[in-house]
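This report is a short tour for a first-time reader.

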Amino acid sequence: MKKNLFRFVLPIFMIVMMSSFAWHKFYVSVTQIDFVPNKKRVEITSRIFIDDLEKALEKRFKKKFYLTSSREIENADALIQEYLKEKIKISINKKSQNIEYLAREVEGDVLIFYTKIAVSKKINTFEIFNSLLTDIYKEQQNIVHVNINSNKNSFLFTNSDTSQKIDY
């Protein structure tokens with residue numbers, strides 16, 4: 001009797017468990033920030049899911065973007081840069097920095113953005129604001145890894161926690 005019950009219950013349990021994962025999408029971006037002293041700059045690499053970014057851009061600019069397709073709108077890069085500058089801000093030594101957009105590339109269903117900040121002085125304080133995609137997903141999580149002055153830190157930014165400060 002127990003063996004038959006196990007044969008019946010186990011498949012149902014497995015179906016319920018597997019389907020529960022299919023119903024919830026995970027909203028995340030990952031950003032890597034590295035200070036490169038010999039180049040006198042901070043290099044920033046951000047990875048964002050294409051469909052999530054499209055949704056945010058469409059909400060912000062009220063137009064379809066069709067990112068990475070042949071139908072992508074002509075000024076997509078300029079609008080993406082505007083969105084990124086609004087959503088990621090960095091201050092070094094208590095001074096707001098200009099983040100220079102370099103390029104983007106596609107890796108599967110992720111867009112990778114390369115940006116940089118020119119730095120001529122020693123970094124004593126580093127402040128990060130990251131609210132990527134929190135305007136469309138309350139569950140959004142933005143993971144940021146920072147490597148400055150040989151100190152590594154990782155942070156989790158959420159809808160309610162969008163900034164961090166590091167003292168060196």
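## One leucine in α3

Leu 79 lies in helix α3. Helices here are DSSP runs of H or I with at least four residues, strands are runs of E with at least two, and both are numbered from the N terminus. Leu 79 is buried, at a relative accessible area of 10%. Buried means under 20% relative accessible area, with a 1.4 Å probe and protein chains only.

What does Leu 79 touch, leaving out residues up to four places away in sequence? Its partners are Leu 57, Phe 61, Lys 63, Phe 65 and Ile 73. Contact means heavy atoms within 4.5 Å. Leu 57 is 22 residues from Leu 79 in sequence, and their C-alpha atoms are 7.9 Å apart.

## About the model

The model is predicted: local features need pLDDT of at least 70 and side-chain atom pairs pLDDT 80 or more, while totals for chains, interfaces and linings use all residues. Residues are numbered from 1 along each chain as its sequence is written, and side-chain values use heavy atoms, without hydrogens and water.

## Helix α2

Helix α2 covers residues 50-61, twelve in number. From first C-alpha to last it reaches 16 Å, close to the 16 Å expected at 1.5 Å a residue. That expected span is 1.5 Å times one less than the number of residues.

Ile 50, Asp 52, Leu 53, Glu 54, Ala 56, Leu 57 and Phe 61 are buried in α2. The buried residues of α2 pack against β2, α3, β5 (100-107) and β6. Just after the helix, Lys 62 has a positive phi of about 60°.

## The cavity

On a 1 Å grid over the protein atoms alone, a cavity is a set of points where a 1.4 Å probe fits but cannot get out; lining residues have an atom within 4 Å of a point. Points are joined across faces, edges and corners, and a volume is the space filled by probe spheres set on them. There is one cavity of 30 Å³ or more. The largest cavity has a volume of about 130 Å³.

Which helix or strand gives the most to its lining? α3 does, with three residues. β2 (41-49), α3 (76-87) and β6 (110-118) each supply at least two. Lining residues include Ile 44, Leu 84, Tyr 101 and Phe 113.

## The pocket

A pocket is an open set with protein on both sides within 12 Å along at least five of seven lines. The largest pocket holds about 160 Å³ of space. Among its lining residues are Ile 92, Lys 95, Val 119 and Lys 121.

Definitions and conventions:
Buried means under 20% relative accessible area, exposed over 50%, partly exposed in between (1.4 Å probe, protein chains only).
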